Amino acid sequence: MKAFIIKEIRHLLRDPRSLLILIGMPVAQILIFGYAITTDLKETDIAIVRQTNDPLSQLIIQHLDASQWFRIKKIETNSSRLENDFRRGEIRMTVALPDNMEKRLMQSSPLEIQLIGDASDPNTANLLAQYAKGIIRTTVAQSFPSQYSGIQVTSRMLYNEEIRSVFMFVPGTIVILLMLLSAIMTSISLTREKESGSMEVLLVSPLRPYEIILGKVIPYIGLSFLNAAIILLLARFLFGMPFRGSMALLLAETVLFIALALSLGIFISTITLTQQMAMLLSMFALMLPTILLSGFIFPIENMPLWLQYLSNLMPPRWFVVIIRGIMIRGIGLEYLWKETLILAGMTLIFILLSIKKFKLRLE
Amino acid sequence: MVILNRVSKTFGKIKALDEVTFQVNEGELFGVIGPDGAGKTTLFRILATLLLPTEGHATIKKHDVVQDFGVLRKITGYMPGQFSLYPDLTVEENLEFYARVFRTRVEDNYSLIRDIFTYLEPFRKRRAGNLSGGMKQKLALSCALIHRPEILLLDEPTTGVDPVSRAEFWGLLHNLQKQGLTILVSTPYMDEAAHCNRIALLRQGRILGVNTPKGLQEEYSLHLWGLKGERPALLLPLLRQLPAEFRVYAAGQEVRVACRERNGIEKIKALLETSEKWDHIQISLVQPDVEDCFIALMQENNELQYK
Amino acid sequence: MNYNTNNLSIKVENLERRFGNFTAVNKISFSVRRGEIFGLLGANGAGKTTTLRMLCGLLAPTSGTALIDNTDVARQPEKVRFKIGYMSQRFSLYEDLTVWENFRFYGGVYGMSAKDIRKKFEDLSQRLNFGEQADRLTRDLPLGWKQKLAFMVAAFHNPPVIFLDEPTSGVDPMVRRQFWDLIYESALAGTTIIVTTHYLDEAMYCDRLAIMAEGSIKAYGTPAGVLDEFKAVNMQEVFLKIAGKEALLQ
């Protein structure tokens with residue numbers, strides 16, 4: 001097995017271009033996610049619709065304008081006048097403040113602040129709305145601490161007051177990259193041996209199936225782990241992402257997820273014959289669900305019920321919960337044992353399936 | 001040493017091997033000769049314990065290829081038809097890897113591969129992917145020998161390799177045979193039959209015949225004439241006018257005519273005498289080569305099949 | 001056969017190709033007559049492939065000239081493409097297309113009109129009796145048919161020169177003969193056939209041949225003439241003698 005590992009490492013080192021891509025890609029991705037998305041939302045033009053000019057609405061407008069994300073372009077009394085600006089893309093969001101806010105708050109009557117976003121770019125609109133809600137909520141809370149409950153604020157922002165998008169994307173990026181590296185790389189490198197004929201020789205050798213599998217896996221665990229570490233370091237020191245939970249736990253969970261992704265990759269290689277097939281299967285069966293169903297771009301809560309059930313079968317979904325929990329919320333295993341157990345169970349199932357499906361003979 | 005008894009293998013509807021039966025003796029260099037698609041690779045994979053026969057039995061040294069695959073994988077050295085080495089590893093690294101996979105060391109079995117390695121020595125540090133076809137083949141052979149097997153299974157080792165390397169390769173096989181190895185080798189090249197002690201001719205999954213190369217010639221039941229002196233392109237249409245019991249085909253610059261009767265030559269001569277322009281054609285009785293034998297056996301076999 | 005020089009189909013003079021310091025083809029000269037079957041032999045790295053690429057207009061010569069059907073391959077490489085057909089053992093037909101679709105595709109590649117393609121295909125299928133196979137997928141055909149169809153596809157646009165790369169290595173002897181029948185017919189009709197191979201049996205079927213080694217032509221002539229010159233009983237011996245490995249002769 002040692003010989004096998006040495007051989008795999010040699011394969012990796014012999015192809016510096018691919019290796020550079022494998023290590024450079026995560027860095028590039030995190031930088032793209034980190035910078036592109038945060039800078040894009042600086043000083044976005046918005047408009048305000050308000051009927052009365054009471055002190056509270058003035059304060060809200062001031063705070064919105066002072067924030068790094070918004071610039072108030074227009075203040076109108078009727079939203080219909082803004083339609084054209086909206087259409088031309090000159091403003092990205094309208095904040096409609098109800099009249100007599102202060103009075104209503106004092107009377108504890110429900111108060112609705114309406115945010116109208118440009119839904120042609122749902123992600124940006126969503127983020128803008130989150131930022132705006134955060135600012136409005138803080139402003140109201142400062143001025144009227146006791147009546148603060150009159151405004152509805154979603155609890156999802158509780159642990160991420162700044163709602164910096166990079167914090168949402170780091171876990172997602174880690175998940176995608178680990179999945180990509182681990183599953184696709186192992187499945188391709190195993191099918192390559194099948195295609196080139198070297199698998200025939202390995203099969204007739206005294207090597208046991210688990211030795212071939214582990215020999216393939218161990219170098220990639222190392223590489224994937226290195227990648228995860230680079231992403232985490234970048235997130236911490238370049239983007240100031242919080243690290244509230246236990247580092248050791250995070251790393252341990254990362255290794256668990258890598259093992260899961262690798263066992264998936266091996267499983268794929270046992271059911272495919274060519275590198276091309278392995279590549280396609282990994283792409284469609286793993287990549288897309290990872291991106292779409294793990295809850296890192298599209299909130300799972302907003303999905304139709306059947307998709308929510310389906311997302312439960314996606315390993316990345318659980319890892320996103322774990323990683324966000326540890327990093328942002330700082331919680332420990334006492335809250336994450338369920339997710340951890342699910343990942344461990346999935347890993348076991350795929351390893352057993354792979355060993356069972358790994359054939360001692362050709363078809 | 002190796003016994004195949006009515007071994008058949010089907011893939012879906014396709015019958016890759018059809019009741020293949022033959023034996024290989026200890027210390028023999030045995031050739032399985034047949035064109036592409038004859039079933040050579042399937043046969044070798046069954047012997048290498050990589051495929052299960054659909055029907056029939058095969059044993060190597062009394063070990064069954066189905067049940068005793070664990071034992072067999074230790075005593076056989078198998079070289080698949082495809083280039084099975086890692087192109088991005090060097091010659092040395094490939095050897096070292098296979099040695100360790102087979103739980104041995106290159107030095108322990110160096111005596112066996114010394115011969116081959118003298119060819120490879122200058123390229124030790126070169127990546128296997130950058131070797132010439134002949135060198136790749138030699139490296140693959142070294143890898144198959146690394147655990148000192150008792151029997152070698154070489155599937156089309158000389159396919160696509162240049163003639164000089166092929167001659168070298170056969171030389172290496174003869175030396176290995178002298179060291180006591182039993183060697184089974186397959187090839188689509190009929191002219192390589194002469195290198196083997198005995199050969200089996202395989203076509204469409206069926207054995208056409210098993211014999212020594214010489215025995216095969218002696219078994220040839222037809223009379224065979226070679227006609228020289230004119231382009232086969234011109235001579236063939238003329239000779240195709242002969243009755244159906246004559247088989248007419250080109251063989252290099254000759255046209256060969258095979259016929260059951262000895263006096264067939266009279267008819268050929270009569271045909272040539274129809275025009276002065278055939279005066280310069282020389283006609284002589286020729287020894288059949290393996291291809292002639294193959295063609296004759298093939299036709300007999302087809303006739304048998306139709307009856 | 002007509003031996004005068006007006007009847008040359010291919011004329012190569014002092015053709016040379018260097019890659020940096022390395023001379024792949026070293027000032028070779030040879031000529032092939034119209035309707036001749038000519039073998040170009042040599043081990044890998046002998047310069048065979050480089051020569052072939054220059055003749056097909058895929059690679060510019062460093063010096064020297066090569067004429068195909070009176071067209072200079074270095075000056076008019078595009079024109080040369082229409083004068084040659086090419087068939088290799090590995091790739092020639094699309095296995096997942098039907099026979100007719102293959103012909104239609106290749107006819108289209110060479111700028112034949114849809115009507116011409118249809119007409120020529122019908123003539124061909126009638127003459128060679130493969131009408132029934134026209135709509136079958138190529139991969140379902142027996143190897144012998146594939147081989148013949150591959151040749152016909154290469155010859156479909158009536159090129160004066162056809163290159164065959166190891167056309168019959170590994171096929172059964174009967175199929176091989178049928179294939180050569182087809183080639184003979186083509187050659188008699190005036191098509192020049194160039195066979196590159198290192199399958200020495202195949203070499204013996206050529207009218208004349210050239211054996212290359214280290215970028216030069218080491219033997220040139222009829223098979224019988226070459227055997228005489230090298231005092232060899234077969235081509236293998238010639239090859240070994242050229243490589244200086246007579247010791248391998250048993």
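Two residues are taken to be in contact if their C-beta atoms, placed from the backbone, lie within 7 Å. The structure is a predicted model, in which local features need pLDDT of at least 70 and side-chain atom pairs count only at pLDDT 80 or more, whereas totals for chains, interfaces and linings use all residues. Residues are numbered from 1 along each chain as its sequence is written, and chains are lettered from A and ligands numbered from 1 in the order in which they are written.

On this basis, 19 residues of chain A are in contact with 24 residues of chain B. Helices and strands being DSSP runs numbered from the N terminus (H or I of at least four residues for helices, E of at least two for strands), the side of chain A that touches chain B draws at least two residues from each of α1 (2–14) and α8 (198–204) of chain A, and α8(A) gives the most, with six residues. When Ala, Val, Leu, Ile, Met, Phe, Trp, Tyr, Cys and Pro are counted as nonpolar, Asp, Glu, Lys and Arg as charged, and the others, Gly among them, as polar, this side of chain A has eight nonpolar, five polar and six charged residues.

Two pairs of chains touch, and the most contacts are between chains B and C. The contact between them takes 29 residues from chain C and 28 residues from chain B. On the side of chain C that touches chain B, α6 (173–188), α7, α8 (223–229) and α9 of chain C each supply at least two residues, with the largest share, eight residues, coming from α6(C); by class, this side has 18 nonpolar, five polar and six charged residues. Chains A and C, by contrast, are joined by no contact, and their closest C-alpha atoms lie 17 Å apart.

Chain A contains 14 helices and four strands. A residue is called buried if 20 or more other C-beta atoms lie within 10 Å of its own, exposed if 12 or fewer, and partly exposed in between, with C-beta atoms placed from the backbone; buried residues make up 35% of the 363 residues in chain A. The domain assignment, which is automatic or taken from a database, divides chain A into domain 1 (2–36 + 164–357) and domain 2 (41–157), and the centres of these domains, taken over C-alpha atoms, are separated by 41 Å. L352(A) lies in helix α14 (residues 333–357) of chain A and is exposed, because 12 other C-beta atoms lie within 10 Å.

Chain B comprises ten helices and 14 strands, and of its 307 residues 49% count as buried. Its C-alpha atoms fill a box of roughly 70 × 45 × 35 Å along the principal axes. Helix α6 of chain B (residues 163–178) has 16 residues and should therefore span 22 Å at 1.5 Å a residue, which agrees with the 23 Å between its end C-alpha atoms, the expected span being 1.5 Å times one less than the number of residues. The buried residues of α6(B), among them P163(B), F169(B), W170(B) and L176(B), pack against β3 (29–33), α5 (133–145), β7 (151–154) and β8 (182–187) of chain B, and also against α7 (200–203) and α9 (235–242) of chain C. Just after α6(B), G180(B) takes a positive phi of about 100 degrees.
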